[in-house]
Amino acid sequence: AVASGGGSLAGGPEDAVVETDGDGLATSPAWTLGASPGANTLTATSAGLTGSPVTFEATGIGYTITGTVLLGGSPLEGVSVAATGGHTQTVETDEDGVYTLTGVAHGATGILITPTLAGYSFDPSDLTVNNVTADVSAQNFDATPVTYTITGTILVGGSPLAGVSVA
């Protein structure tokens, strides 16, 4: 049976059982690790078996999703990059403008990646990653400073004043 970490044995539920054959061999056509990276444990037991139970462990390492945030072709440090949906994590870009989301489960889908930094907009505004079965790279964003226009009229005695410099 699958003792910890989730997953299934022979495509069945957590408590699935695979019996040994006449030679004492048990074969699982598929031991699927749990959805989360980390330790998953399988325990084999038998009455009267020396050393029973025997425990097997496998560790799912998870995948990474990486990308770069650029401002006019140069790296932008300190951008908060949030993943939601099929993976939840928030990281910041480093001095090279690179972000790395870690521990993404095999098969994760619907991962929405959104960058934010006050005073900037991003293109695209977000990205979605689906069906992660390996490390995913080049999930990139371009930043643009948000600019504002300030307008007004300088008045003296209710009349516009010409030739005034505003800095």
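By contact I mean heavy atoms within 4.5 Å. The model I am working from is predicted.

**Entry 1: the chain overall**

I started with secondary structure. The chain has 16 strands and zero helices. I then looked at burial and found that 25% of the 167 residues count as buried. The accessible surface of the chain comes to about 10,200 Å². Carbon and sulfur atoms hold 53% of that surface. Next I checked contact range. Among contacts with a separation of 6 or more, 48% join residues 24 or more positions apart.

**Entry 2: Gln89**

I went to Gln89 and placed it in strand β9, residues 89–92. What does the side chain of Gln89 reach? I find the backbone nitrogen of Thr102, at 2.9 Å. I also listed what Gln89 touches, leaving out residues up to four places away in sequence. The list is Val81, Ala82, Ala83, Leu101 and Thr102.

**Entry 3: the core**

I looked up the largest nonpolar core and noted 21 residues. Ile65, Ile111 and Ile113 have the most contacts inside it. Which elements give two or more residues to this core? I wrote down β6 (63–71), β8 (80–85), β10 (98–104), β11 (111–116), β13 and β14. In soluble globular proteins, nonpolar side chains tend to be buried together.

I followed Ile111 further. Beyond its neighbours within four places in sequence, Ile111 is in contact with Ile65, Ala83, Thr84, Gly86, His87, Val104, Leu127, Thr128, Val129 and Val132. Ile65, one of these partners, is also among the core residues with the most contacts.

I found Phe122 in strand β12. Is Phe122 buried or exposed? Its relative accessible area is 12%, so I count Phe122 as buried, the limit being under 20%. Residues up to four places away aside, Phe122 touches Val69, Val79, Pro115, Thr116, Leu117, Phe141, Asp142 and Ala143. I also checked Phe122 against Thr144, 22 residues apart along the chain. Their C-alpha atoms are separated by 6.3 Å.

Then I moved on to Pro124. It is found in the loop between β12 (120–123) and β13 (127–129). The peptide bond from Asp123 to Pro124 is cis, and I noted omega near -5 degrees.

**Entry 4: positive phi**

I looked at two residues in the loop between β13 and β14 (141–145). One is Asn131 and the other is Ala138. Asn131 is not a glycine, yet has a positive phi of about 50 degrees. Ala138 is not a glycine either, and its positive phi is about 60 degrees. I checked exposure for both. Asn131 has a relative accessible area of 51% and is exposed. Ala138 is exposed too, at 54%. The cut-off for exposed is over 50%.

**Entry 5: a nonpolar surface patch**

Last, I turned to the surface. Which residues form a nonpolar patch there? I listed Ile154, Val156, Leu161, Val164 and Val166. Together they have about 440 Å² of accessible area. I took a further look at Val166, which lies in the segment after β16 (159–160). Its relative accessibility is 69%, so Val166 counts as exposed.

Notes. Residues numbered from 1 in each chain as written. Predicted model: local features only at pLDDT ≥ 70, side-chain atom pairs only at ≥ 80, totals over all residues. Heavy atoms only, no water. Helix = DSSP H or I, 4+ residues; strand = E, 2+ residues; numbered from the N terminus. Polar contact = N/O pair within 3.5 Å; in protein donor to acceptor, adjacent residues only side chain to side chain. Buried < 20%, exposed > 50% of the residue type's maximum accessible area, 1.4 Å probe, protein only. Patch = residues over 30% accessible without salt bridge, like charges linked within 9 Å, V, L, I, M, F, W, Y side chains within 5 Å. Areas by Shrake-Rupley, 256 points an atom, 1.4 Å probe, with all protein chains shown as cover. Salt bridge = Lys/Arg side-chain N within 4 Å of Asp/Glu carboxyl O. Core = buried A, V, L, I, M, F, W, Y, C linked by side-chain atoms within 4.5 Å.
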